[in-house]
Amino acid sequence: MPSYSFGPYVLVPERQSLMRDQTAVRIGSRALEILVALIERPGEPVSKAELVSRAWPDTFVEESNLKVNVAALRRVLGDAPDGTQYIATVSGRGYQFVFPVDISGHSDASVIATSARKHNLPVSATRLVGRDPAIDAIGHALEGSRLVTIVGPGGVGKTRLALAIADRLTTAYEHGVWFVDLATVNDATLVPSSIATAIGLRVHSANIKAAIAAFAADRDFMLVLDNCEHVVEAVAACADAILAAAARVRILATSREPIRVLGEQIHRLPPLETPPEASGLSAAGALAFPAVELFVERAAGSRNEFKLSDENAPIVAEICRRLDGLALAIELAAPRLEAFSTRELLDILSDQSHVLSDRRGRDSRHHTLAATMDWSYGLLVEPERVLLRRLSVFAGAFSLESACAVAVDKGRPRSECIHAVANLVAKSLVSTERGEFGTQYRLLDTTRRYALQKLAESGESDSMRQRHAEHLLELAKRAEVEWKIRPTADWLAEYGRKMDDIRSALGWAFSGNRSGAIGVALTVAALPFWEHLSLVEECRAGVEHALSSRFANFRSAGDEMKLQFAYGTTLLHTRGPLPEVKAAWTAALGCAESLRDTDYALRCLWGLCDYFTWTGDHRAALAMAEKIRELATDRGDLDARNNVGRQAGTALRYLGELADAQHHLERMIARYIPPVTRSDTARFQLDPRSAARGTLANVTWLQGHPDKAVAMAQRQLEEARAAQHALALCNAVVHTACPIALLTGDLVAAERLLVAIEAHVAEHAMTVWSAMGRCLRAEWLLQSGDAAGLAILRGALDELLAVDFRMRCPFYIGVYAADLGKYGDVEAGRMAIDEALSLSASTGEIWCMPELLRIKADLLGKEGDHRTDKPAEALYVQAIDLARRQGALSWELRAATALAEHWLRTDQDVKAAGVLAPVYGRFNDGFATRDLARARELLNVLKDVGRRRAAAVPVTRRAKRTQSAPEQ
């Protein structure tokens with residue numbers, strides 16, 4: 001177990017332990033991981049990207065998160081014994097541990113650092129032959145063009161060439177090189193999802209293409225888009241969007257036709273050069289041609305004794321010519337020398353040529369490739385032919401278990417399948433992928449297409465497709481159970497790749513009315529896959545299709561329940577709280593009640609409670625929370641009964657019943673029991689305790705405890721970051737941390753939070769959350785003195801209201817109204833504040849009503865007409881009284897401050913001090929925050945005015961006496 005000593009510190013990474021003079025040092029897990037990454041490579045710069053990858057694996061975070069953690073780390077460590085810092089900033093690169101380190105407990109006194117994952121390129125088991133000029137040419141083209149497409153016929157070697165180029169460039173791009181195999185994508189609408197998955201992007205939106213563009217905007221990486229020809233229009237749209245948004249992204253594509261995007265540079269890849277027909281060709285002369293070189297290398301790999309000689313060189317050259325120099329055809333043919341001589345192989349190819357005579361209108365290179373496939377297929381024994389045909393139903397990689405489950409007929413031994421798979425691997429018709437969880441198998445795309453044709457000709461296509469779909473149903477059931485107990489990385493490694501097969505099976509089941517029953521069942525089974533892979537929009541589209549009326553007869557009540565619930569959930573987070581969301585959850589609830597499925601009934605009620613909260617109908621949300629409590633109590637579900645306190649507290653907070661909200665939230669937090677399985681996290685959407693803490697932070701600010709509220713908000717934010725949950729982070733920043741920073745006037749903290757959350761919602765294309773974030777950005781701009789925030793705020797509010805999202809909208813409309821008045825448009829401000837008050841009253845969202853009344857009074861005061869003084873004063877008093885009844889001391893302070901300023905302007909300083917001082921005196925913390933600082937400054941002014949008035953009274957009286965005395 002290695003340990004690292006530096007100065008007074010000892011770091012033991014395996015124990016997650018940092019000691020200073022034998023005393024444990026408290027340090028966050030992220031900061032500790034950053035320290036380990038730096039100290040493993042002392043004196044060597046470590047890039048920011050690598051540090052982010054170490055501290056936040058599989059999660060997108062802004063660079064500011066790294067800076068904050070490094071700053072915290074520096075504060076914890078303090079100065080080194082020589083007065084310098086332990087960690088130095090390497091400008092433009094990253095950070096470096098600069099103090100000497102002693103290493104113990106390591107066999108060779110060296111440290112091996114875990115490098116950041118820089119690519120997902122598959123590893124080739126063989127050398128690329130004859131393509132050095134093409135590699136150089138395309139590499140040069142990529143320097144001048146941001147999109148290069150390798151175009152050529154099937155089997156020419158486009159994919160191998162692209163991978164070889166990408167492999168050479170893995171260190172040239174800061175954020176890596178990412179391979180996207182589109183061969184398995186049969187639906188063009190899934191191209192954006194495939195790209196997002198390859199680059200590690202989780203998207204919660206219908207607009208996946210926009211999310212990818214936003215994610216790529218600040219990054220430096222290369223995309224390798226392979227096999228684009230069958231989805232070329234979708235690829236073109238994605239490439240165009242990415243290139244327009246991301247100046248440092250390069251795309252290398254392979255296709256049988258150009259992508260046709262502006263700026264595309266096309267490299268047409270010819271077949272490997274073959275020797276011309278000439279007599280007297282020697283072995284040395286033949287090897288000068290790449291096609292022969294490839295043939296010889298592959299033949300030697302399968303038959304160690306094969307040597308190219310002057311005698312067989314002309315025959316090998318003819319074979320390569322017969323195969324038109326197509327790399328795939330050569331690689332399929334060369335291993336056959338295990339069974340045949342070169343002359344026999346040439347004769348077989350010649351004899352097979354007649355098979356192609358009826359394939360008119362197709363490229364001759366495809367003729368020879370098809371002939372090679374026909375020939376390879378013809379060499380197989382019948383069990384191998386049957387297996388190859390049947391394996392073609394797998395769109396992606398498959399296990400030996402899956403191969404046997406689908407391909408083996410009932411009553412036949414599995415050993416036949418196992419033996420045949422081994423033979424197909426040996427004959428290069430099935431490729432292998434060895435990973436942590438065993439060997440996976442895959443058919444090359446050309447082979448699979450050929451085998452699918454043979455499967456159709458055999459009459460077994462539908463029966464095999466049905467077996468395939470039924471097998472996926474079984475796998476999905478197992479995967480759902482294992483999700484609760486296996487580490488996420490393990491689960492994804494084994495089951496994540498099944499999505500291609502699920503898509504393929506769904507496409508078959510729903511096309512031509514083949515099997516609506518299987519299609520519906522498989523859609524239900526796919527729900528956990530879509531959820532765990534964050535394919536929210538794909539899930540929404542798939543569920544919507546399964547819910548269409550033509551499949552109604554194939555849906556059981558249980559299917560209907562799960563599909564409607566999933567539809568409501570995905571629609572909410574991709575499109576907002578539309579009426580269809582409520583309808584879907586209501587329908588799911590009806591099914592759950594008829595089935596007496598209380599677990600799903602609770603889920604549906606929970607969803608409806610969220611729906612009412614988002615739409616601003618908080619009394620309905622409160623009623624729904626009470627239903628959840630009653631059902632959970634009857635069922636004996638302690639978790640649900642306790643956790644619904646968060647929902648009740650949220651509704652009460654917005655209804656302005658702060659004391660009751662505080663009671664529910666504090667009780668819920670105190671009684672919270674951490675979940676045993678990950679399914680509970682999905683069940684309650686967010687960590688209930690953390691979400692409750694955020695709502696309580698908002699309540700605490702309203703009640704007049706700013707410092708305490710800031711501390712609560714920070715704790716929720718840290719919990720959300722640790723959870724690595726997209727919605728948890730949105731909730732923590734957008735609903736709590738950033739609003740409280742703005743309410744307290746901490747614009748520096750608000751800006752830091754805004755930068756991070758704007759990138760986060762753009763990455764996931766979360767449209768509703770993005771609009772809420774723009775409300776906060778607009779408020780920040782307005783507080784900073786930038787009138788541009790007005791247009792941004794109005795646009796974001798209109799977007800939210802258009803999808804029935806009304807939560808917090810009255811408050812933001814009030815902010816908009818106040819700043820319209822600030823920038824001179826008082827009439828528009830009065831119209832806006834009336835809109836805010838009307839919306840607040842109609843929804844019952846009256847938590848902000850005292851603030852809205854204050855703003856309306858301020859706008860009346862800006863008219864400069866003394867006739868408005870009394871109405872304004874009345875509104876201020878009404879705001880103070882309502883805030884006092886709510887227990888909203890912070891709103892009361894704002895209204896009292898405004899009224900005191902109003903009275904000061906009208907020379908009523910005694911009344912002004914009388915209304916403000918008692919309110920200010922009830923605060924116990926937060927004196928450095930904006931509102932309290934403003935109130936304190938005003939009180940000081942009032943004291944000065946009072947002193948001046950008191951001092952002026954005797955002088956005035958003396959003057960009067962002097963004027964009335966008789967002349968002497």
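**Rings, then sheets**

Modeller: Start at Tyr 377: the charged end of Arg 385 sits over its ring, 5.7 Å from the ring centre. That label needs NZ of Lys or CZ of Arg within 6 Å of the centre and within 35 degrees of the ring normal. The model is predicted: local features need pLDDT of at least 70 and side-chain atom pairs 80 or more, while totals for chains, interfaces and linings use all residues. Residues are numbered from 1 along each chain as its sequence is written, and side-chain values use heavy atoms, without hydrogens or water.

Biologist: Which residue lies over the face of Trp 847?

Modeller: Arg 653, at 4.6 Å from the ring centre.

Biologist: How many aromatic pairs does a search of the whole structure find?

Modeller: There are 23. Rings of Phe, Tyr and Trp (its six-membered ring) pair if their centres lie within 6.5 Å; planes under 30 degrees apart are stacked, over 60 edge-to-face, the rest tilted. Take Tyr 9 and Tyr 86: they are edge-to-face, 5.9 Å centre to centre, with 85 degrees between the planes. This pair links distant parts of the chain, 77 residues apart. Tyr 9 is in strand β2 (residues 9-12), and Tyr 86 is in the loop between α3 (63-77) and β6 (87-90). Helices (H or I, at least four residues) and strands (E, at least two) are DSSP runs, numbered from the N terminus.

Biologist: Are Tyr 9 and Tyr 86 buried or exposed?

Modeller: Both are buried, that is, under 20% relative accessible area (1.4 Å probe, protein chains only).

Biologist: What kind of pair do Trp 847 and Trp 891 form?

Modeller: A tilted one: 6.1 Å centre to centre, 35 degrees between the planes. Trp 847 lies in the loop between α38 (826-843) and α39 (849-861) and Trp 891 in helix α41 (residues 889-905), so the pair ties together parts 44 residues apart in sequence. Both Trp 847 and Trp 891 are buried.

Biologist: Now sheets. In what order do the strands of the antiparallel open sheet come?

Modeller: The order is β4-β3-β2-β1-β8. Two strands pair if DSSP finds at least two bridges between them. The edge strands, β4 (23-24) and β8 (102-104), each pair on one side only. Between β2 and β3 (residues 17-20) there are 4 bridges. Leu 11 has Leu 18 in β3 as its bridge partner.

Methods:
Buried means under 20% relative accessible area, exposed over 50%, partly exposed in between (1.4 Å probe, protein chains only).
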